[in-house]
Amino acid sequence: MPIASERDVLRSEFRWGLLTAAAVGLIFLAILTAALAWQINPPSNVELIDPKTLHLSGEFTEDNLGTQVQGDRVAIRMIASQFAFLPRCVVAPRDRPVTLRLVSPDVIHGILVTGTNVNTMVVPGYVSQVHTTFTRTGDLLMPCHEFCGMGHSQMWATIRVVESDAFQPDAQGRVACAQR
Ligand code: CUA
């Protein structure tokens, strides 16, 4: 086998370099498409909260959980704990910006809402915040997707997305799933 000339080596290196650059470019394009076209972004919100006291005072006391209209935004607050979400069901209006805020008092949980861009971990000590707009009505399943113990597979909540005329906040701006 003839010994490769320096020129051949350089050419080969150039080809591999080009291939690598193309792969990196493709991945970069995929990230850009996901971020700009599908609004799928890594969570960037860093907010600390004490997991030992979050249910006693402040934003995540029982009275504050669930859906609340605040000005032109709809906030949904939930606690993810072993092995249930509190509340178990929340209401969201269709085609309106919604901010989900979740905390954990115990271990790491994770949430995703089927068919949407909502997907984040809920780490004790931090507030997990996701902005989204639900585009279809119905009961969307929100399972815990981070193994959190023996009851993990039973841990899920429902996001009830309703038409905006069926979304009727009370005097406190609260909307809840019907009792049944
Ligand atoms: Cu909570 Cu798995």
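Helices are DSSP runs of H or I with at least four residues, numbered from the N terminus. The views below show a predicted model.

View 1. Phe28 is placed in helix α1, which covers residues 6–36. Together with Leu32 and Leu36, Phe28 makes a nonpolar surface patch of about 320 Å².

View 2. The domain assignment of the protein gives domain 1 as residues 1–41 and domain 2 as residues 62–175. Taken over C-alpha atoms, the centres of domain 1 and domain 2 are separated by 40 Å. The second largest pocket lies between these domains, because domain 1 and domain 2 both give residues to its lining.

**View 3. Lining of the second largest pocket.** The second largest pocket holds about 290 Å³ of space. The largest share, 3 residues, comes from β8. In total, 13 residues line the second largest pocket, and those nearest its centre are Asn41, Pro43, Gln129, Val130 and His131. By residue class, the lining divides into 4 nonpolar and 9 polar residues, with no charged residue.

**View 4. Salt bridge between Arg101 and Glu59.** The structure holds 7 salt bridges, and one of them is formed by Arg101 with Glu59. The closest N and O atoms of this pair are 2.6 Å apart. Arg101 lies in strand β5 (residues 97–103) and Glu59 in the loop between α1 and β1 (66–70), so the pair ties together parts that are 42 residues apart in sequence. Side chains of opposite charge can pair when their charged atoms come close.

View 5. Gln82 and Phe83 are joined by a cis peptide bond with omega of about 0°. Phe83 belongs to the loop between β2 (73–81) and β3 (84–86). A cis peptide bond also leads from Leu86 to Pro87, where omega is near -5°. Pro87 is found in the loop between β3 and β4 (89–93). Most peptide bonds are trans.

View 6. Asp95 is located in the loop between β4 and β5. Its phi is near 60°, a positive value in a residue other than glycine. Most residues other than glycine have a negative phi.

Notes
Residues are numbered from 1 along each chain as its sequence is written. This is a predicted model: local features need pLDDT of at least 70, side-chain atom pairs count only at pLDDT 80 or more; totals for chains, interfaces and linings use all residues. Side-chain values use heavy atoms; hydrogens and water are left out. Patches are made of residues with over 30% relative accessible area and no salt bridge: like charges are joined within 9 Å, nonpolar side chains (Val, Leu, Ile, Met, Phe, Trp, Tyr) within 5 Å. Accessible areas come from the Shrake-Rupley method with a 1.4 Å probe; for residues, only the protein chains shown count as cover. A salt bridge is a side-chain nitrogen of Lys or Arg within 4 Å of a carboxyl oxygen of Asp or Glu. Helices (H or I, at least four residues) and strands (E, at least two) are DSSP runs, numbered from the N terminus. On a 1 Å grid over the protein atoms alone, a cavity is a set of points where a 1.4 Å probe fits but cannot get out, and a pocket is an open set with protein on both sides within 12 Å along at least five of seven lines; lining residues have an atom within 4 Å of a point. Grid points are joined across faces, edges and corners, and a volume is the space filled by probe spheres set on the points. Ala, Val, Leu, Ile, Met, Phe, Trp, Tyr, Cys and Pro count as nonpolar, Asp, Glu, Lys and Arg as charged, and the others, Gly among them, as polar. Domain bounds come from an automatic or database domain assignment.
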